[in-house]
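Subject: Structure handover

Hello,

The structure is below, followed by notes on what was found in it. Please read them next to the coordinates.

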Amino acid sequence: MAATPDDPDSTTVTDDAPAGRRPRTRNARPALLRPAPGGTGNSAASLIYQTLRREIVCLQRRPGDPIVEKDLGSIFGVSRTPIREAVLRLAAEGLVEVVPQSGTFVARIPLDALPEAMVIRRALEEVAVGAAARTATRSQVALLEANLERQREAVAIDDRDGFHDADEDFHGAIAETAGYPGIWTVVQQVKLQVDRYRHLTLPEPGRMARLVEEHAAIVYAIRDHDTQAALTSLGVHLDGLEAGLLEIPEHNPTYFYGDIEAIRRKFGR
């Protein structure tokens with residue numbers, strides 16, 4: 001069962017950290033763990049943008065949470081100008097909402113945007129996986145297998161953010177193996193809202209371990225140069241993500257907006 005906002009055991013919607021990890025203090029300076037796709041420069045605005053972007057996508061900042069310029073100024077030690085620049089970039093991506101006379105808030109996840117993003121992702125990843133299965137070298141397969149170990153290590157300590165990062169790198173490595181690295185860059189840009197939804201699925205018992213096995217099936221098919229098996233395994237993997245698209249919003253209604261019935265019709269469920 002997916003975690004709900006009222007579930008005290010859900011680390012998706014609480015500030016408790018998994019065993020072996022330090023809890024994040026709300027007023028502490030955030031750590032910038034990885035740059036956003038297309039991020040450029042090392043300016044204060046870019047740092048704030050990338051950090052907030054990651055926190056929103058990973059649900060460390062939840063839909064509806066306020067974005068307070070004064071607080072960010074204290075955390076980052078900057079004036080309001082770079083903060084406002086970062087907020088404008090996030091608003092353009094649909095991650096924050098600026099409400100006149102009220103303030104700035106983390107935006108809710110738009111249900112209507114998810115099916116199209118998933119369709120685009122599937123189409124592009126099928127190209128990458130098929131090409132990888134045809135052309136992968138032994139060293140490229142070894143890199144994919146090493147990534148599987150990273151995923152297993154993250155699962156072992158219930159490190160959901162670490163697993164998400166390894167998952168992202170895994171799919172990026174497949175695109176590299178295929179000789180089409182730009183495919184994953186495009187997919188990352190398209191699936192931004194899907195990633196927020198994905199983080200809500202990770203607390204489901206056994207889900208991360210199951211995802212590792214799905215990834216492993218893709219890798220083994222690529223290793224064997226079995227294109228059809230690789231595409232079938234990818235399909236199973238992506239079907240699992242789509243399957244929760246009706247359940248997750250029902251258990252986290254305040255995190256989403258849009259017509260759930262339209263989603264039901266698009267996926268024929």
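Glu149 is partly exposed, with a relative accessibility of 41%; here buried means under 20% relative accessible area, exposed over 50%, and partly exposed in between (1.4 Å probe, protein chains only). This is a predicted model, in which local features need pLDDT of at least 70 and side-chain atom pairs count only at pLDDT 80 or more, while totals for chains, interfaces and linings use all residues. Residues are numbered from 1 along each chain as its sequence is written, and side-chain values use heavy atoms, with hydrogens and water left out.

Salt bridges

Glu149 forms a salt bridge with Arg152, at 2.6 Å from N to O. The term stands for a side-chain nitrogen of Lys or Arg within 4 Å of a carboxyl oxygen of Asp or Glu. Arg152 is also partly exposed, at 27% relative accessibility. Helices (H or I, at least four residues) and strands (E, at least two) are DSSP runs, numbered from the N terminus.

A second salt bridge joins Lys191 to Glu168, with the closest N and O atoms 2.7 Å apart. Lys191 sits in the loop between α7 and α8 and Glu168 in helix α6, so this pair ties together parts 23 residues apart in sequence. Lys191 is buried, at 1% relative accessible area, and Glu168 is buried at 6%. Through shared partners, salt bridges link Asp167, Glu168, Lys191, Asp195 and Arg198 into one network.

Arg54 is in helix α1 (residues 44-57), so the pair ties together parts that are 111 residues apart in sequence. Asp165 is buried, with a relative accessible area of 12%, and Arg54 is buried at 9%. The whole structure has 18 salt bridges.

Helix α7

Which residues of α7 are buried? They are Ile183, Trp184, Val187 and Gln188. Viewed down the axis of α7, they fall within an arc of 135°, so they line one face of the helix; the arc is that of the directions from the helix axis to the C-beta atoms. Their cover includes α4 (113-135), α6 (160-178) and α8 (192-201).

Val186, also in α7 (residues 181-190), is partly exposed at 38% relative accessibility. Together with Ile120 and Val190, Val186 makes a nonpolar surface patch of about 180 Å². Patches are made of residues with over 30% relative accessible area and no salt bridge, where like charges are joined within 9 Å and nonpolar side chains (Val, Leu, Ile, Met, Phe, Trp, Tyr) within 5 Å.

Sheet

An open sheet has 3 strands in the order β1-β3-β2, with antiparallel pairing. Its edge strands, β1 (66-67) and β2 (96-99), each pair on one side only. Two strands pair if DSSP finds at least two bridges between them; β1 and β3 (residues 103-106) have 2 bridges. Pro66 stands opposite Phe105 in β3.

Whole chain

The protein chain has 12 helices and 5 strands. Of its 269 residues, 48% count as buried. It exposes about 12,900 Å², of which carbon and sulfur atoms supply 53%; accessible areas come from the Shrake-Rupley method with a 1.4 Å probe, and for residues only the protein chains shown count as cover.

Regards

Definitions and conventions
Contact means heavy atoms within 4.5 Å.
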